[in-house]
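These are my notebook entries on one protein structure. I record what I looked up and what I found.

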Amino acid sequence: MSDTIYEERIELSARLAAAVLGEYDQYAKKLERTFHVSLINRDDSLRILGTANAVQTVKAIIKDLASLAERGNDITEQAVNYRISMSMSEKEQLLTELDGECICHTISGRPVKPKTLGQKAYVDSIKNNMITFGIGPAGTGKTYLAMAMAITAFRNEEVGRIILTRPAIEAGEKLGFLPGDLQSKIDPYLRPLYDALYQIMGAESFQKNSEKGLIEVAPLAYMRGRTLDNAYIILDEAQNTTQAQMKMFLTRIGFGSKVVVTGDLSQKDLAPGVKSGLDAAVEALKKIEGIEFCTLSSKDVVRHPLVQKIVEAYEKYEKKTAVKEAEAAHRKKTGRKR
């Protein structure tokens with residue numbers, strides 16, 4: 001009968017149970033609500049009660065999370081949410097498989113690794129292609145993972161230098177006159193790149209390599225007229241490039257170089273009516289061998305879980321607004337009233 005209650009037991013030490021079930025059992029409660037099961041943790045044994053399918057699914061999730069915890073990883077709400085979403089899709093894959101690939105370590109010793117299937121596909125694309133476009137919403141690790149890959153390649157002497165660039169464009173507000181020399185004026189636009197560099201390689205190592213000209217952080221306009229050989233080049237915030245700027249940037253690439261272009265098509269700061277260079281690149285370059293477009297989604301957001309909800313809410317709102325605008329335009333064109 002469909003109402004039959006099944007039970008499974010998992011041997012789980014107190015330490016692993018604390019990590020997997022969460023503080024005040026918050027992760028356990030999430031699993032219970034989502035899959036309509038009951039979790040009873042006593043004497044190093046976790047009982048799972050519910051329908052057969054639900055019990056097996058929750059058992060797989062808990063074993064996967066326990067495996068992660070055993071390997072020294074912190075179990076975050078994002079990891080639990082992602083594992084739940086994976087269990088509900090056709091692309092079920094163990095988190096431990098994702099955990100196996102460490103790109104590098106931060107200056108504090110924290111491993112940098114892909115945490116979602118989308119991020120893993122993105123990292124694999126960077127490895128296997130000369131040019132990779134990473135397109136997706138905020139919080140999906142586009143720039144951070146690209147930076148980690150660049151620093152790893154630099155340390156392994158696969159490239160001779162790292163060049164990080166982004167268009168210096170105001171994000172929807174006029175900043176007015178900025179005091180100081182030229183570097184002081186452009187630094188606010190490039191600060192996110194500096195932050196990631198400091199976190200992964202440390203301020204002292206960055207300063208030393210920067211003084212030698214081996215690591216360069218510069219606005220996109222500085223790329224004009226250059227040929228960039230034997231370099232790892234990252235163009236960030238590419239949705240704010242014009243078509244001419246994107247073409248200029250991509251034609252700077254020389255021998256022995258690898259390029260990652262990142263952008264979020266939902267956050268453009270260009271003037272109204274100006275087509276994004278990233279939009280044009282997607283249309284013009286999608287069939288060229290050696291160039292791959294990797295799209296990340298709200299499921300790949302690895303910041304606070306609230307960020308994922310915000311991204312999803314905006315996606316729904318923007319789709320709804322687009323439909324309304326299309327309907328209004330159609331009514332206006334045909335002369336029909338609602």
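In which crossing does H3 pass H4, left-handed or right-handed? I found that H3 passes H4 in a right-handed crossing (left-handed if the near helix is turned anticlockwise from the far one by less than a right angle, right-handed if clockwise).

I noted that this is a predicted model, where local features need pLDDT of at least 70 and side-chain atom pairs count only at pLDDT 80 or more, while totals for chains, interfaces and linings use all residues. Residues are numbered from 1 along each chain as its sequence is written, and side-chain values use heavy atoms, with hydrogens and water left out.

I looked up the packing of H3 (residues 52-70) and H4 (residues 77-87): the angle is about 140° and the axes are 10 Å apart. H3 and H4 are therefore oblique to each other (angles under 35 degrees count as roughly parallel, over 145 as roughly antiparallel, 65 to 115 as roughly perpendicular and the rest as oblique). Their contact (heavy atoms within 4.5 Å) involves Thr57, Ala60, Ile61, Asp64 and Leu65 of H3 with Ala79, Val80, Arg83, Ile84 and Ser87 of H4.

I turned next to H7 (residues 142-155), which has 14 residues and reaches 20 Å from its first C-alpha to its last. Among the buried residues are Leu145, Met147 and Phe154. Just after H7, Glu157 takes a positive phi of about 60°.

Finally, I noted that 45% of the 338 residues of the protein chain count as buried.

Key. Axes are lines fitted to C-alpha atoms, for helices over the stretch in contact, and angles run from 0 to 180 degrees between N-to-C directions. Helices (H or I, at least four residues) and strands (E, at least two) are DSSP runs, numbered from the N terminus. The expected span of a helix is 1.5 Å times one less than its number of residues. Buried means under 20% relative accessible area, exposed over 50%, partly exposed in between (1.4 Å probe, protein chains only).
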